[in-house]
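Subject: Structure for you to look at

Hello,

Here is the structure you will be working with. Please open it before reading the notes below.

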Amino acid sequence: MSKTIWVVAQRGESGISRTTKEILGKAKELAGGGTVAGVYCGASKDSVAEGLQAAGASQVVLMVDPKLETYLAETYTSAIGALARDRKPDVILIPGTLNGKELAASLAASLDGGAVQDCTHLDWDGDVLVGTRAFFGGNLTATVENRSSGPKIFSVKPKAFPVPADSAGAGGEVEEVAPQLPAALRTTVVEFLADEGKTVNLIDANVIVSGGRGLGAPEGFEIVNELAAVLGGAVGASRAVVDAGWIPYAHQVGQTGKTVKPKLYIACGISGAIQHLAGMRTSDNIVAINKDENAPIFKVAHYGLVGDVFAIVPELTKKFKEALQG
Ligand SMILES: Cc1cc2nc3c(=O)[nH]c(=O)nc-3n(C[C@H](O)[C@H](O)[C@H](O)COP(=O)(O)OP(=O)(O)OC[C@H]3O[C@@H](n4cnc5c(N)ncnc54)[C@H](O)[C@@H]3O)c2cc1C
């Protein structure tokens, strides 16, 4: 069963994004010897083709135009949609970022296809590609068949699949195609405003120290920041403290925040509501610190510390500092 699978490429901080690579690796497996095409839209091509080939693309299609510098649903849907109408791929896989999910829905509408969002697994059931995704805050998992007549579109959650081994030198055809763009745009990006001084990269962090309402006040985050700094990790948060304005939304972990899978997740003063667990329960090692021994977070924790965060977290910081910095 040989198929043509497209992977819509997104850029990361350096080259193509980690999620794009993860999806390319899976696409190669799903294609069964068929074509895996990395499809890229942007204002410059830099080393995109090499990055896509190294992650397993057997074909690369570059659509380069100044109007594609910034992601816009209408330009990206127009460019990728026109190409898909012409070439009829079997499957289109898209990184499940905010932009990616919007693009998946928009492309599905444009191509008379169906979009299955936020997949954590993909597999063939006979000739039908089936996506696995979470429902009800991660309490239920459903397998969703995509039986649409157009291309089967799936957005895939970051970290659902491992990054494939670098297959640099694998070669493959690189093609530049003039993108078909709308004559007039209904949307214009005027300016980007950063919502805070420093970038919060929770998705790629190996260590995340998260704080919840148990920190008592915004100042309570100082102990979380210190522990994260010593461990070289990122700072996460529950929605309760984001809603309270203690910390920006970019830090939120959970159903309506980010889904993370670090090697180590330390939850400080977080109760463990299902919506929070939905975003972190698959972390490799979970350490929970909570003064309530019956807090639900302990049900998913590999290590539980019952007690006051203000006593335990500074002590952990001190011990880690001694151990790590000598
Ligand atoms: C549609 C929807 C979507 C949602 N999405 C998200 C989401 O994405 N992410 C998310 O996190 N939540 C989300 N929520 C909210 C979620 O239901 C909880 O309200 C929230 O996670 C609670 O945050 P918390 O654990 O910080 O606060 P609380 O539930 O108030 O828990 C605080 C914890 O701190 C402990 N504590 C208090 N003082 C101390 C101390 N000194 N030392 C140690 N422990 C202490 C307490 O025992 C308690 O367990 C969502 C809710 C809804 C309805």
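Predicted model: local features only at pLDDT ≥ 70, side-chain atom pairs only at ≥ 80, totals over all residues.

Residues are numbered from 1 along each chain as its sequence is written.

Domains. The assignment gives domain 1 (4–176) and domain 2 (207–325); such bounds come from an automatic or database domain assignment. Six residues of domain 1 and eight residues of domain 2 make the contact (C-beta atoms, placed from the backbone, within 7 Å). The C-alpha centres of the two domains lie 33 Å apart.

Helix α4. Helices are DSSP runs of H or I with at least four residues, strands are E runs of at least two, and both are numbered from the N terminus. In α4, Gly100, Leu103, Ala104, Leu107, Ala108 and Leu111 are buried (20 or more other C-beta atoms within 10 Å of the residue's own, all placed from the backbone). They are on the same side of α4, because they cover an arc of only 135° around the axis, taken from the directions from the helix axis to the C-beta atoms. Their cover includes β1 (4–8), α3 (73–87) and β4 (91–95). Just after α4, Asp112 has a positive phi of about 60°.

Ligand. The ligand is surrounded by 27 residues, and the closest include Gly212 and Arg239 (C-beta atom, placed from the backbone, within 6 Å). Helix α6 gives the largest share of this shell, three residues.

Regards

Notes
Buried ≥ 20, exposed ≤ 12 C-beta atoms within 10 Å, placed from the backbone. Contact = placed C-beta atoms within 7 Å.
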